[in-house]
Amino acid sequence: MTPMITSKLPTVGTTIFTVMSQLATEQGAVNLGQGFPDFPMSEALTSLVDAAMKNGWNQYTHMNGLPLLRQRLAEKAGELYGAAVDPETQITVTPGGTYAIYTALTTVLRPGDEVIVFEPAYDSYIPNIEINGGVPVLISLQYPDYSIPWAEVRARITPRTRMIMINTPHNPTGSVLSEADIAELRSIVQDTGILILSDEVYEHLIFDGIAHQSMLRYPDLLERSFVCYSFGKTYHCTGWKLGYCISSPTLMKEFRKVHQFNCFSCDTPKQVAIAEYISNKEAYLGLPAFLQQKRDFFRELMKATPFRCIPSHGSYFECYSYGHFSDEADKDLAIRLTKEYGIATIPMSAFYKHGEDNKVLRFCFAKKEETLKKAVEKLSGL
């Protein structure tokens, strides 16, 4: 007989991304749901991986990440954000950005600690908090621009507040933090023990000439932050599951204690390849224009549909509202579009713990133009 266990995540099932992607496959639908590109990554980068493997880089590398890669990342942080980052004590390479987020939460949370989370939120945040015994304090971003209600944040701070989680550019809405937002954040955490977890995996996917407000720009914020990144988003290789975390030396020392017994070391040949390829600055500096062109192309196509655009300023995603032409629940509409029209999206209620439904769907525009055309054509009869 199989022994019974008490679930640590009793309310968690299969993620909406898996559900919608599986449904898209079953229906032969165009998948604009899950956030992954359908265009090829750099051949130069894959060739560097191939060369690294052939040159013998196939054993464990340093627990904290390949030293040369960490050095290059520190240099990049200095060039982009003016940050003085020590590659030896402040950077750890991780198997993906989501892993970095989980490890940061596991490093600091004790039962009963409160973590402020802004919804809609990337779906790993709340389960990661709960599995560590933390208490998510949920604050809804202000619809429809998905801005942070800072007065409510101040009102929800308690002696048990351990951390504030931010995400810019934001998944799933594409909203971005402004300098005014940073001023509010600095004011709230000043002279407190509150930590910050900053999910910046879309740091280079930011549009309309807006500057990315990284925690690395602000020494006082970096001192209390875990800043999480993803090579997969930067180099169009989400399946590589490789990222990194930057923090203060004190916080990183504790982060690495958890990391060493969970992962220990990440994929060596890919780190060797990225350490060399990262010198190609255009590969990431050109991303804003590259992805904005796709966003604008998709936005123009969507004008032929009854959906209304909620403007995105970053990420792979743009949200569209439909409440003016349908009362359907967003999950029901997403399923119907997949089955009847052959296009898969993600219902925004999936990004709220209690399923808040503003009649909005999320579309991924990080696709080839022919994919986007084909998808929108399927909506022409809606």
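The model is predicted, so to speak of local features a pLDDT of at least 70 is needed and side-chain atom pairs count only at pLDDT 80 or more, while totals for chains, interfaces and linings use all residues. Residues are numbered from 1 along each chain as its sequence is written, and side-chain values use heavy atoms, leaving out hydrogens and water.

**Two pockets**

Rolling a probe the size of a water molecule over the atoms shows where empty space is left. Here a pocket is an open set of points on a 1 Å grid over the protein atoms alone, where a 1.4 Å probe fits, with protein on both sides within 12 Å along at least five of seven lines; a lining residue has an atom within 4 Å of a point. Volume is the space filled by probe spheres set on the points, which are joined across faces, edges and corners. Nonpolar means Ala, Val, Leu, Ile, Met, Phe, Trp, Tyr, Cys and Pro, charged means Asp, Glu, Lys and Arg, and the others, Gly among them, are polar.

| Pocket | Volume | Lining by class |
|---|---|---|
| Largest | about 610 Å³ | twelve nonpolar, seven polar, four charged |

In the largest pocket, 23 residues form the lining, and Thr11, Val12, Asp123, Pro127 and Ala350 lie nearest the centre. Helices (H or I, at least four residues) and strands (E, at least two) are DSSP runs numbered from the N terminus. Helix H1 (16–27) and helix H5 (125–131) each supply at least two residues of this lining, and H5 gives the most, with four.

Two or more lining residues come from each of H1, helix H4 (97–108) and helix H9 (231–234); H4 gives the most, with three.

**A sheet and its helices**

Four strands form an open sheet in the order E9-E10-E13-E12, with antiparallel pairing; two strands pair if DSSP finds at least two bridges between them. At the edges, strand E9 (308–310) and strand E12 (346–347) each pair on one side only. Two bridges join E12 to strand E13 (residues 360–364), and Pro347 stands opposite Leu361 in E13.

Helix H14 (residues 330–341) lies across E12 and E13, at about 45 degrees to E13. Contact means heavy atoms within 4.5 Å, and axes are lines fitted to C-alpha atoms, for helices over the stretch in contact, with angles from 0 to 180 degrees between N-to-C directions.
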